[in-house]
Amino acid sequence: CSLFMFTANGAGKRNELKIAITPLPAFIEAPENNSRFTITPKTTIYLCDTTEGLRKAATYFSNWSSRSLGTSLPLKYSEKKINKGIVLMTDNNLEEEEYILDINKKRIHIAGGSPRAVFYAFQSLRQLCPPEAEIAEKTKKLTVPGVYIKDKPDFTYRGAMLDVCRHFFTIEEVKQFIDMLVLHKINTFHWHLSDDQGWRIEIKKYPLLTEIGSQRDATIIGHAIGSTRYDNTPYGGYYTQDQIKEVVRYADDHFITVIPEIEMPGHALAALASYPYLGCEDKDYKVCGTWGVFDEVYCAGKDSTFEFMENVLSEVIELFPSKYIHIGGDECPKKAWKNCALCQKRIKELSLKNENELQSYFVRRIEKFLNTHDRKLIGWDEIMEGGLSKTSTVMSWRGTQGGIDAAKMGNYAIMTPTNYCYFDYYQSKAKASEHLAIGGYVPVSQVYSLDPYEKLNENEKKFILGVQCNTWTEYIPNFNHLQYMVLPRMAALAEVGWSYSRKNYDDFLLRLTRLTKRYDALDYNYAKHVFENR
Ligand code: TNX
């Protein structure tokens with residue numbers, strides 16, 4: 001049969017055939033003969049091997065399709081080449097996240113460089129199914145167009161951070177957040193678990209962290225447009241270790257890595273309120289009920305601070321299998337250290353020049369600990385101040401300069417600059433009709449325009465692992481509002497991470513129209529006017 005190829009500009013045609021996948025695949029070819037494959041409750045998924053990973057990927061799709069088919073698809077192992085049903089295989093010739101999705105009227109063939117890649121093929125297959133397929137038991141069969149897709153991401157790190165400290169989200173909501181990442185082929189969930197306004201993870205050795213540190217006195221209420229009011233009822237919440245394990249398992253079932261963040265040495269008030277000895281001053285600390293940057297930070301002069309940190313991180317490491325652990329490192333005022341005899345003593349003893357170098361010492365000491373446990377350290381770009389260790393990875397948030405500098409020094413970096421990646425910022429200029437936000441202006445088009453490689457030469461580019469969006473939740477009190485802030489900007493970020501080399505905003509907008517039908521079917525709340533009538 002004769003084939004024609006879709007280029008990035010062929011979206012109109014694709015929409016006709018309902019081939020509109022976001023993020024945009026690397027290569028799509030569809031036969032002119034309009035062939036189709038129909039998935040019914042009887043369609044078998046054939047697995048070429050019995051590995052756990054492949055079973056996981058297949059189980060995902062089997063369960064997903066049961067939403068519309070009413071029953072999950074049967075799975076069968078078969079070493080023989082089969083020419084019917086949905087046939088899965090892993091192929092060493094493909095890269096780890098690379099897959100082939102080949103559909104004709106007889107069968108669907110999926111090959112992946114790993115089970116993870118097979119899972120991404122299923123995400124593309126999912127997007128070839130009609131959006132209504134997301135709704136429980138509405139259709140009894142799923143018809144998908146014949147197509148050949150060969151696809152892989154441009155960046156290996158595609159992340160989304162959620163701040164559960166400023167506002168708390170239940171594990172059910174966290175799982176729903178993970179579902180949103182899955183749809184967009186984002187592979188890393190960065191979980192911001194401690195901050196001034198709340199400590200959210202149970203640490204068995206330090207029960208007061210959650211007993212005291214997870215609750216604050218003042219909570220913002222009435223997030224109706226334009227209003228911020230405080231009442232004085234306690235606000236808080238935390239995750240037990242069992243709940244954390246449940247989320248990590250859920251993420252793993254969806255091929256998502258969870259990177260936990262335990263903030264240090266700044267943003268420490270919830271911990272200091274629980275264990276005041278961790279601070280420089282002997283005083284009563286309070287879990288914060290307002291937003292900002294606070295002078296009360298962990299004391300860098302006491303060994304007991306490090307002992308605490310190492311004990312906390314030991315439990316964290318047990319819960320999170322990710323190779324990276326995020327230690328925060330941002331916005332640590334140095335006033336307390338300047339006035340602290342123990343911090344000054346440490347500076348003298350180690351012949352450090354100033355408090356920035358003391359922070360660098362703090363971070364390196366923690367890094368050593370993580371490394372002895374076979375983990376790597378990530379921190380916000382302030383970890384560069386006072387000297388960056390050779391082996392740590394930088395998350396560049398204050399613009400891209402931190403990431404650029406890191407890459408030039410041969411450190412890995414992840415780009416997450418405020419003016420492209422902050423989903424707590426306004427996404428529309430019509431502020432009066434928006435939920436009250438922290439400020440800023442990051443419309444979908446701005447997210448899409450991020451160039452993580454800007455100002456870097458070929459060699460330096462190798463150190464940019466990828467991109468991440470950050471959703472800080474000072475002004476995001478509930479999950480519905482969170483979805484509104486995140487969608488559809490997450491689709492734009494995902495496309496920067498997956499389809500960087502073939503980005504085309506107009507083409508993206510055409511596909512977004514179809515993706516938002518899926519959001520509708522999934523009952524996701526998203527910002528509509530930000531791309532309609534643009
Ligand atoms: C800066 S980004 C912060 C957060 C705030 C955010 C608000 C970063 C590493 N620190 O503590 O929530 O701004 O946009």
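The model is predicted, so local features need a pLDDT of at least 70, side-chain atom pairs count only at pLDDT 80 or more, and totals for chains, interfaces and linings use all residues. Residues are numbered from 1 along each chain as its sequence is written.

**The whole chain**

Let's start with the big picture. The chain has 18 helices and 24 strands; these are DSSP runs numbered from the N terminus, with helices being H or I of at least four residues and strands E of at least two. For 534 residues, a compact globule would have a radius of gyration near 24 Å, and the chain agrees, with 24 Å. That radius is taken over C-alpha atoms, and the globule rule is 2.2 Å times the number of residues to the power 0.38. The C-alpha trace spans about 80 × 50 × 45 Å along its principal axes. Of the 534 residues, 51% count as buried, meaning that 20 or more other C-beta atoms, placed from the backbone, lie within 10 Å of the residue's own.

**Two domains**

Domain bounds here come from an automatic or database domain assignment.

| Domain | Residues |
|---|---|
| domain 1 | 3-151 |
| domain 2 | 157-503 |

The centres of the two domains, taken over C-alpha atoms, are 35 Å apart. Where they meet, 10 residues of domain 1 are in contact with 13 residues of domain 2; contact means that C-beta atoms, placed from the backbone, lie within 7 Å. On the domain 1 side, α2 (52-69) and α3 (115-128) are the elements that give two or more residues, and α3 gives the most, with 4 residues.

**Helix α11**

Helix α11 covers residues 355-372, and its 18 residues reach 26 Å from first C-alpha to last, close to the 26 Å expected at 1.5 Å a residue. The expected span is 1.5 Å times one less than the number of residues. Its buried residues include Leu358, Phe362, Ile366 and Leu370. An α-helix has 3.6 residues a turn, so residues three or four places apart point the same way. The partners that the buried residues of α11 pack against include β19 (257-264) and α8 (303-319). After α11 comes Asp374, with a positive phi near 65°.

**Around the ligand**

Which residues surround the ligand? They are Asp330, Glu331, Trp380, Trp397, Tyr422, Asp424, Ile438, Trp472 and Glu474, each with its C-beta atom, placed from the backbone, within 6 Å of the ligand.

Definitions and conventions
Two residues are in contact if their C-beta atoms, placed from the backbone, lie within 7 Å. A residue is buried if 20 or more other C-beta atoms lie within 10 Å of its own, exposed if 12 or fewer, and partly exposed in between; C-beta atoms are placed from the backbone.
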